[in-house]
Amino acid sequence: MERQWWHNKVAYQIYPKSFYDSNGDGIGDIPGIIQKLDYLQYLGADILWISPVYQSPLADQGYDISDYYQIDPRFGTMEDMDRLIAEAKKRRMYILMDLVINHCSDEHEWFQKAMADPEGEYGNFFYLADQKDGRPCNWRSYFGGSVWEPLPGTDKQYLHMFHKKQPDLNWENPKLRQAVYENINWWLKKGVAGFRLDAIINIKKALPMVDYPADRPDGMVNPGVMLAHAEGIGDFLKEMRDETFKKYQAFTVGEVFNDKPGELEAFIGEDGYFSSMFDFNETIIGGSPNGWYDSRPVTAEDYKAGCFGAQEKIGKLGFYSNIIENHDEPRGVSHYLPEGQVCDTSKKMLAGLYFMLRGLPFIYQGQEIGMENVEFQSIDQVDDISSLEEYQVALDAGRSPEEALQAVKRYSRDNARTPMQWNDNLYAGFTTGTPWLRENPNYRTINVEAQIEQEDSVLQFYRSLIALRKDPEYEDSLIYGACIPYLREQKNLMAYLRKGEKQTLLVMGNFQKELQKVKLPGAYDLVLLNNMDELTEMDEEICLKGWQYLILKMKTE
């Protein structure tokens, strides 16, 4: 593999609206991010992915963009953005923008022009159909209901795979593609290091549009079924790479849920469309086509199988971007650890297991202090549009309001969007005003300020993980080495070797509260990391206490 500038970096995702509010209006902003750059440098983050700050009506929290060339006033100004890029550069940090190009906002100039003249140039920037002919297909929007919505003031209807205020862009139109590329290059010239590509597989539709067998009583079908039938997305992605990213050596990471067998090399191989793509193998475990109410908890064995399955799929082909949470998922410690077993020790174990897998580790804001799901008391406290839809899906399926709320509590995107917990002051130190979304009440015990002072905190453990991954002595194994499962059949043990040309490291975690014995593959030289103070050895075995995590440097032959 040709070595790239980003291979030994650590990425950190910022959800600006909830990160830090600099002006007391209850909404996080770009100046707030700038104020916290020294903290992020202290943590060890290098690449900062900034969720959307473009001009937007915020129907889907900024993923509905009304102007790709403007910063929304709620987040600051373009001058603030320029200053963020410059201040990050001073600290040898890199800024990634969120690239949302499957759809725009219905308030975007293009869509407004399409409404004014559906038969004109901009009508072809979207997917329009005559209303009199009925809905062209029975696809269900990701947020519920039909993907088709009447185009106001016309006899047309338009396609939206997400919210009705997010009309899909017609990538079959070369003029649309060129307009998108112009904007990408504009940002790259400005100095951003690259992009995270939102919902990118959706840009290619299965044409002509047809009905598929319904999977719910509403007579509609999950959009993933359509994506499985869509062919030719590589043509779009290759063109975009060559017209934009490649010219700037930009780092790109794709949000890709629906790649087909055999496509991985084309996506992130030596000459891939993207630098990397997220491993979502674990996030989809336990999901149900019926909705959140029907999903099941993730077990330790599920998680291990998901991680190892992804690692074996990619091999040395390229780099996945590894996560346990993001702005679209519940908090990782609440999702992957058993209920009632979420503690600092188990949080550290989960962090270490995902962090040392082969690939680029991404940390989502607050993850580094072990932020947890929030305890919603009623559906009225929920802001997220997908959560409100899933609540209704559960009610429609005959579940009680209490059962529907339980499902939302477990999986709501709002779990990750509560304000960042900086200290134990009012509103977790996020704002001097009233936060746009209520803070998690546990901020009094889980916050940055306390954990900086606490030597054995979750935050300090993350700093240790980052420092070890960046240590040049272990680059051979932790960055470029193979990831080989070890004792895979031992229940509730997740262990793997990171094997390079110069050394081999053994990474292992006891994924249960009960202790268990682990037979070592050989002798070891050093304990590189331990989330506990003690280590119990017995001949050729180690006795791992509940939730204990270790990294051992094995003796070379």
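Let's start with Arg-417, which pairs up with Asp-384 in a salt bridge whose closest N and O atoms sit 3.9 Å apart. The cut-off for a salt bridge here is 4 Å, and this is a predicted model. Arg-417 belongs to helix α14 (residues 414-417), while Asp-384 is in the loop between β13 (360-364) and α12 (385-396), so the bridge ties together parts that are 33 residues apart in sequence.

Are these two partners buried or exposed? Both Arg-417 and Asp-384 are buried. They also belong to a network: salt bridges with shared partners link Asp-60, Asp-328, Asp-384, Arg-413 and Arg-417.

## Two more bridges to look at

The count of salt bridges comes to 43. One of them joins Asp-98 and Arg-196, with 2.9 Å between the closest N and O atoms. Strand β5 (residues 94-99) holds Asp-98 and strand β9 (residues 194-197) holds Arg-196, so this pair connects parts that are 98 residues apart in sequence. With a relative accessible area of 0%, Asp-98 is buried. Arg-196 is buried too, at 1%.

Now take Asp-271 and Lys-246, another salt bridge, where the closest N and O atoms are 3.3 Å apart. Asp-271 is found in the loop between α8 (264-268) and β11 (276-278), and Lys-246 in helix α7, so the bridge ties together parts that are 25 residues apart in sequence. Asp-271 has a relative accessible area of 47%, so it counts as partly exposed. Lys-246 is partly exposed as well, with a value of 48%.

## How α5 and α7 pack

Which residues of α5 and α7 make the contact? From α5 come Arg-177, Gln-178, Tyr-181, Ile-184, Asn-185, Leu-188 and Lys-189. From α7 come Phe-236, Glu-239, Met-240, Glu-243, Thr-244, Phe-245 and Tyr-248. Sorted by type, the residues of this contact are 7 nonpolar, 3 polar and 4 charged.

Conventions: Residues numbered from 1 in each chain as written. Predicted model: local features only at pLDDT ≥ 70, side-chain atom pairs only at ≥ 80, totals over all residues. Heavy atoms only, no water. Contact = heavy atoms within 4.5 Å. Helix = DSSP H or I, 4+ residues; strand = E, 2+ residues; numbered from the N terminus. Nonpolar A, V, L, I, M, F, W, Y, C, P; charged D, E, K, R; others polar. Salt bridge = Lys/Arg side-chain N within 4 Å of Asp/Glu carboxyl O. Buried < 20%, exposed > 50% of the residue type's maximum accessible area, 1.4 Å probe, protein only.
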